[in-house]
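Trainee: I have a model open and would like to learn how to read its features. Could we go through them one at a time?

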Amino acid sequence: MCGAKKGGLDLKGVDVDKEAVIQGQVLRGEEPVGGAYVRLLDSTGEFTAEVPTSATGHFRFFAAPGNWTLRTLAPKADPVDRQVVAQYGEVAEVAVTV
Amino acid sequence: MSRESALVSADWVEEHKNDADVVLIEVDEDVSAYDAGHIAGAIKLDWKQDLQDPVRRDFVNKEQFQALLSDRGVKNDDTVVLYGGNNNWFAAYAYWYFKLYGHSDVRLLDGGRKRWELDSRELTDEVEKREATEYTAQDPDLNVRAFRDEVGEAIGVKNLVDVRSPDEYAGRLLAPAHLPQEQAQRAGHIPTAANIPWSKAANDDGTFRSDDELKELYADAGVDFGKDTIAYCRIGERSAHTWFVLHEILGQANVKNYDGSWTEWGSLVGVPVALGDEPGKA
């Protein structure tokens, strides 16, 4: 994942004013977890999207404004749920520890 | 068709990895996933480059499919086992092609790449090259593919199943949330379509739910199993997943995938569109 900075993915080329971005990193202790699966669930718990994490543990969603749940599945770990609020013009950064 | 004839487990794949007549094929939305690591012995199909016509909006024709499988070393009597990322969306889409062009023995790996990875099973970057074959495809079986006119006539008559997420169905989003917003000219759904997201048919790990759970899911959402069914999504890959569930796992007759899907319907002039969470009227 070239261009990934500590604390968040590079937003070059993303018009954050028009997108409600949710992004972050999956960690086991201090170590990034690549190949984990992050599921984006809507306010009713319904699946909306899913991405595998990059080698550096990063993920990103282009969501709609509102309340979301991130459900993270990783090898040898129980699923972890995190609540997050997305808004246009703002990048919601989430660190998930498994 | 049944679960037993259409699905294989990861253990089954491990047990049959050295069988000469079993061909493992990975199909992903992210076409670089295979290169980074895949199940040993698997070959790759690129859903766009290999399976779509390069000029028209359509998928490869019989001759192109024949040439593709011959080049990749697939024989007509091979057992083809498909798997991929995204909960097998694109693998199910490829499965639908194989059925459409008459391949007799094709299966999906239950849970696809995700279950495999979550189990920490082995992946390799060693690329498999199979010897070329002379593959013969059948004429396309249009009993499994729906076109727009038939979809228009199905409003209020057949089961229409919109398998996108509730936000896409209602018109609040135009595309899945992990992709930038783009595609159809208008948001919404085809009137009378029931919204049964593909994801309800799968567990968190990507494996399919049990037959009883699946039957209940579709019946509760208003699907009349006595009627013909057309499934659609945005570009036809998630609805191939639902087509697989209804036609291949549950063995329902007369189920079609409308691969033109919302990107076509939502850009057509003069067709009815429903907005909001309710199916709407015919």
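Mentor: Begin with a pair of strands: strand 4 (residues 79-83) and strand 5 (residues 106-109) of chain B pair in the parallel sense over three bridges. Strands here are DSSP runs of E of at least two residues, helices are runs of H or I of at least four, and both are numbered from the N terminus. Two strands pair if DSSP finds at least two bridges between them. This is a predicted model, in which local features need pLDDT of at least 70 and side-chain atom pairs count only at pLDDT 80 or more, while totals for chains, interfaces and linings use all residues. Residues are numbered from 1 along each chain as its sequence is written, and chains are lettered from A and ligands numbered from 1 in the order in which they are written.

Trainee: Which residue is the bridge partner of V81(B) in strand 5 of chain B?

Mentor: Strands of a sheet pair through backbone hydrogen bonds, either parallel or antiparallel. For V81(B), the bridge partner is R107(B).

Trainee: What is the strand order in the open sheet of chain B?

Mentor: The five strands run in the order 1-5-4-2-3, with parallel pairing. Strand 1 (7-8) and strand 3 (43-46) of chain B are the edge strands, each pairing on one side only.

Trainee: Which residues have the most contacts inside the largest nonpolar core?

Mentor: In soluble globular proteins, nonpolar side chains tend to be buried together. A nonpolar core is a set of buried Ala, Val, Leu, Ile, Met, Phe, Trp, Tyr and Cys residues joined through C-beta atoms within 7 Å. A residue is buried if 20 or more other C-beta atoms lie within 10 Å of its own, exposed if 12 or fewer, and partly exposed in between, with C-beta atoms placed from the backbone. The largest core here has 73 residues, and those with the most contacts inside it are V81(B), L82(B), A91(B), A92(B), A94(B), Y95(B) and L108(B). Helix 5 of chain B gives the most to this core, with eleven residues.

Trainee: What does A94(B) touch?

Mentor: Two residues are in contact if their C-beta atoms lie within 7 Å. Leaving aside residues up to four places away in sequence, A94(B) touches V27(B), L45(B), W47(B), L51(B) and L82(B).

Trainee: How is chain B divided into domains?

Mentor: Chain B has domain 1 (3-118) and domain 2 (148-265), with bounds from an automatic or database domain assignment. Between them, 18 residues of domain 1 are in contact with 16 residues of domain 2. Helix 5 of chain B gives the most to the domain 1 side of this contact, with six residues.

Trainee: How many residues does each chain give to the contact between chain A and chain B?

Mentor: Chain A gives 18 residues and chain B gives 20. On the chain A side, strand 4 of chain A gives the most, with five residues.

Trainee: Where does N87(B) lie, and is N87(B) buried or exposed?

Mentor: Most residues other than glycine have a negative phi, and most peptide bonds are trans. N87(B) has a positive phi of about 55° although it is not a glycine. N87(B) lies in the loop between strand 4 and helix 5 of chain B, and is buried because 29 other C-beta atoms lie within 10 Å.

Trainee: And is S120(B) buried or exposed?

Mentor: S120(B), also not a glycine, has a positive phi near 55°. S120(B) is in the loop between helix 6 and helix 7 (148-154) of chain B, and counts as exposed because it has 10 C-beta neighbours inside 10 Å.
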